[in-house]
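Please open the structure and keep it in view while you read. The notes below go point by point.

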Amino acid sequence: VAIIGDGIAGISSAFYVLKNTNKEVVLVEAGKIAHGATGHNGGFLATYFERSFSSLISEFGIKLAADGQAGIESAWKLLDEIREEAQLQTPIWQFTGYAACANIQEVLVHLRNNALRIKAGLPTTMLMVSEEAKELNSVPNVYKELYTVLPKADILSLLETEDEEYIAILPERKGCMNSALFCEELIGYLLAKYPDRFTLAENTPVRRLVLKDDYAVLDISKTKKISAKQVVLCTNGFENISIVNTPGKAINAKFHQLVRGIVGYMAGYTEELNKPPAEISYLPKKSNHGSDIYEEDPYFYLTRRPYETETKETHNLICIGGPEALMDDTNNYNQDHLYPDEARAEIDNFLRYTYKHGKKDKIEYKFLWHGL
């Protein structure tokens, strides 16, 4: 089995193929381990799509949408299983995280999603709404059993903000970890556990994938090729691979053009280790009358976890994400391009006016980075 891409998707796939079969596995990566999206994120573990459950049902039907949601939520079990079996030391923190809502439209989207989750047989959590929210009277009676009312002060306390505009929160299972470190450690385990069946090929871009009747050939260069019975694509860069289906119809490789790339800008700083690990998402404040709260504007999210500095002292690392740039062609993304001042200013404002424990004066970031 050839797996193309050694981010967290490719490495996890390799783990389970090696564990559950007697097949040989070669993991092929154009660059280095976990140097793509897996190594450029805010350490935020979550199991939701950035589309509302109701909109997925509208497009795909309740069964497919529920199967997809149940599948992604099963990742918690898989993550625990990998960590336990491989005895990984990379810390993984799991806890209840929160999504903050600033208007009644967002509240209604979450309530509609929860009602549909119950109908689909999926577990759900109770939405918490401020008892001072004037818009409560407009919530349909059919949703009355799907939310609970709390004092506004409790809502803001859970959200770690003093911003009075937030009126509700959705609690969900969340977590945070260093995903690049997790992958590097897991690769070490696989190389030691399966020395006769596992091969890692870094700095090995695949130029062409040729599908034969019962096997495939990966063209690495004019002289180097890999033969495999099966191929798994676990990469954001598959648009660079020419796919030739020898025994059947041509595969339309233009499908990747339907996927728009998004560059996410993130920042991180350290502070005293005096608060527990956390993850909080702050949805946009302006009203969104559509059925999908993630469509129009980026939302800010924050993770907090223990972090060991170069001097071996342990602090909390605060990572913030939110600013985004859309790309029509992901081939134009340059991992080394300059961090824009506008993105930093947006994060500065978020920390000053939304996060209660944020920096009120000039912010000295330990990290500024972006990822596709």
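**Notes on the predicted model**

1. Start with the lining of the second largest pocket. Three elements, α3 (62-73), α5 (104-119) and β7 (168-177), each supply at least two residues of that lining. This is a predicted model, so read every value here as computed.

2. Next, the pocket itself. Its volume is about 480 Å³. The second largest pocket is lined by 26 residues, and the closest to its centre are Tyr48, Gln69, Glu73, Arg117 and Glu172. By type, the lining divides into 11 nonpolar, nine polar and six charged residues.

3. Now look at helix α2 (residues 53-60). Which of its residues are buried? They are Phe53, Ser54, Ser55, Leu56 and Ile57. These buried residues pack against α3 and α5. After α2 comes Gly61, with a positive phi near 90°.

4. Turn to the largest nonpolar core, which has 30 residues. Val25, Phe182, Leu186, Leu190 and Phe198 touch the most other members. At least two residues of this core come from each of α1 (8-20), β2 (25-28), α4 (75-86) and α7 (179-193). Helix α7 gives the most, with seven residues.

5. Leaving aside residues up to four places away in sequence, Leu186 touches Ile11, Phe15, Ile82, Ala86 and Leu88.

6. Aromatic rings deserve a separate look. How many aromatic pairs does the structure hold? There are 10. Take Phe15 and Tyr16: their ring centres are 4.9 Å apart and their planes are at 85°, so the pair is edge-to-face. Phe15 has a relative accessibility of 1%, so Phe15 counts as buried. Tyr16, with a relative accessible area of 17%, is buried too.

7. Compare that with Phe300 and Phe350. Their pair is stacked, with 4.8 Å centre to centre and 5° between the planes. Why does this pair tie together separate parts of the sequence? Phe300 lies in strand β16 (residues 300-308) and Phe350 in helix α8 (residues 341-353), so the pair joins parts that are 50 residues apart in sequence. Phe300 and Phe350 are both buried. Ring pairs also link Tyr166, Tyr282, Phe300 and Phe350 into a cluster.

8. Glu160 is worth a click. Glu160 sits in the loop between α6 (152-159) and β7. Is this residue buried or exposed? Its relative accessibility is 12%, so Glu160 counts as buried. The cut-off for buried is under 20%. Not counting residues up to four places away in sequence, Glu160 touches Ala278, Ile280, Tyr282, Arg304, Thr354, Tyr355, Lys356 and His357. One of these, Tyr282, belongs to the ring cluster of point 7.

9. Finally, check two backbone angles. Gln87 is not a glycine, yet Gln87 has a positive phi of about 50°. Gln87 is in the loop between α4 and β4 (92-101). With 62% relative accessibility, Gln87 counts as exposed. Asn203 is not a glycine either, and Asn203 has a positive phi of about 50°. Asn203 is found in the loop between β8 (198-201) and β9 (208-211). Its relative accessible area is 51%, so Asn203 is exposed. The cut-off for exposed is over 50%.

Key:
Residues are numbered from 1 along each chain as its sequence is written. This is a predicted model: local features need pLDDT of at least 70, side-chain atom pairs count only at pLDDT 80 or more; totals for chains, interfaces and linings use all residues. Side-chain values use heavy atoms; hydrogens and water are left out. On a 1 Å grid over the protein atoms alone, a cavity is a set of points where a 1.4 Å probe fits but cannot get out, and a pocket is an open set with protein on both sides within 12 Å along at least five of seven lines; lining residues have an atom within 4 Å of a point. Grid points are joined across faces, edges and corners, and a volume is the space filled by probe spheres set on the points. Helices (H or I, at least four residues) and strands (E, at least two) are DSSP runs, numbered from the N terminus. Ala, Val, Leu, Ile, Met, Phe, Trp, Tyr, Cys and Pro count as nonpolar, Asp, Glu, Lys and Arg as charged, and the others, Gly among them, as polar. A nonpolar core is a set of buried Ala, Val, Leu, Ile, Met, Phe, Trp, Tyr and Cys residues joined through side-chain atoms within 4.5 Å. Buried means under 20% relative accessible area, exposed over 50%, partly exposed in between (1.4 Å probe, protein chains only). Contact means heavy atoms within 4.5 Å. Rings of Phe, Tyr and Trp (its six-membered ring) pair if their centres lie within 6.5 Å; planes under 30 degrees apart count as stacked, over 60 as edge-to-face and the rest as tilted.
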